[in-house]
Amino acid sequence: MAVNTTIDPDEVAKFEAMAAEWWDTEGKFKPLHMLNPTRLDYIVDQICAEFNRDPTQPKPFDGLRLLDIGCGGGLLSEPMARLGATVVGADAAAGNIPVAQIHARQSGLEIDYRNCTAESLAADGEQFDIVLNMEVVEHVSDPLAYLTACQELLKPDGLMICSTINRNPKSFLMTIVGAEYIMRWLPKGTHEYDKFITPDELVSLIEDAGLQNVDRKGFVFNPLTWGWSISDRDLSVNYVTASVKAG
């Protein structure tokens, strides 16, 4: 049976062209490496709160099945596996998968990496306690259909963490003008402003997809400290949401 997909082939091609650079901290994914510790802090806090886990334990996520959709080279999949989760990393860009597999082997980690989509996993009846959906929704052709597939992939009482980029003049200046044209951290054309989603729009989409939004925070870059932090109030550029599926 054919499975409908929200994959945008042009978007996949962009990231496939950069696949070999995923683990180069000074390469095209430098901004993601800089943001990653802050993303991980938020993810760990939300999972521990939702599943009553103690982050001081050696493997606090033991027994939890986690999907990292749009996994890229495994920047989030690997720390989740180290924390004890059973991890499936999925990406529509085929070139990302061998990069992720090789790095996981070098790191001594067992991660199930697959070249597939959220829709195909849902059609196969896959179920997860947690879906990590980070910086993907702004690259798909139909955000509601994509988020609905993510909802279908969650077990009852499951948790989805979804991050993306706000749509306003500040985000345009920082994400496109700053990161792509001035700093040249990312290739020109990596992001399309029209695909950016405001926090209110994303929450509405999440709820239309059948999930309950329980938290949203901003990821804020400070050019003076050259670092990222989590903000309760400033969602003006990068932001993240946590949502649950009713049991």
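Let's start with R216 and D200. In this predicted model, their side chains meet in a salt bridge, at 3.1 Å from N to O. R216 sits in strand β6, residues 212–222, and D200 sits in helix α8, residues 199–208, so the pair ties together parts that are 16 residues apart in sequence. How accessible are the two ends? R216 counts as partly exposed, at 33% relative accessibility. D200 counts as exposed, at 55%. The cut-off for exposed is over 50%, so D200 makes it.

Next, a pair inside one helix. R82 and E78 also form a side-chain salt bridge, 3.5 Å from N to O. Both belong to helix α3, residues 77–82. They are four residues apart, which means about one helical turn between them. Now look at the accessibility. Is E78 buried or exposed? E78 is buried, with a relative accessible area of 1%.

The closest N and O atoms here are 3.3 Å apart, and the two residues form a salt bridge. E26 counts as exposed, with 58% relative accessibility.

Now the wider count. How many salt bridges does a search of the whole structure find? The search finds 12. Some residues join up in a network. Which ones are linked by salt bridges there? They are R65, D112, R114 and E126. Please find those four on the screen.

Let's switch to the backbone. A reminder on phi angles. Most residues other than glycine have a negative phi. Two residues here go the other way.

Take E135. Its phi is positive, about 55 degrees, and E135 is not a glycine. Where is E135 placed? It lies in the loop between β4, residues 128–134, and α6, residues 143–153. E135 counts as buried, at 17% relative accessibility. Buried means under 20%, so E135 falls on that side of the cut-off.

Then D157. Phi of D157 is near 70 degrees, again a positive value in a residue other than glycine. D157 is not in that loop; D157 lies in strand β5, residues 154–165. D157 counts as partly exposed, at 46% relative accessibility.

To recap. R216 and D200 link strand β6 with helix α8. R82 and E78 pair up within helix α3. E135 has a positive phi in a loop, and D157 has one in strand β5.

How values were computed
Residues are numbered from 1 along each chain as its sequence is written. This is a predicted model: local features need pLDDT of at least 70, side-chain atom pairs count only at pLDDT 80 or more; totals for chains, interfaces and linings use all residues. Side-chain values use heavy atoms; hydrogens and water are left out. A salt bridge is a side-chain nitrogen of Lys or Arg within 4 Å of a carboxyl oxygen of Asp or Glu. Buried means under 20% relative accessible area, exposed over 50%, partly exposed in between (1.4 Å probe, protein chains only). Helices (H or I, at least four residues) and strands (E, at least two) are DSSP runs, numbered from the N terminus.
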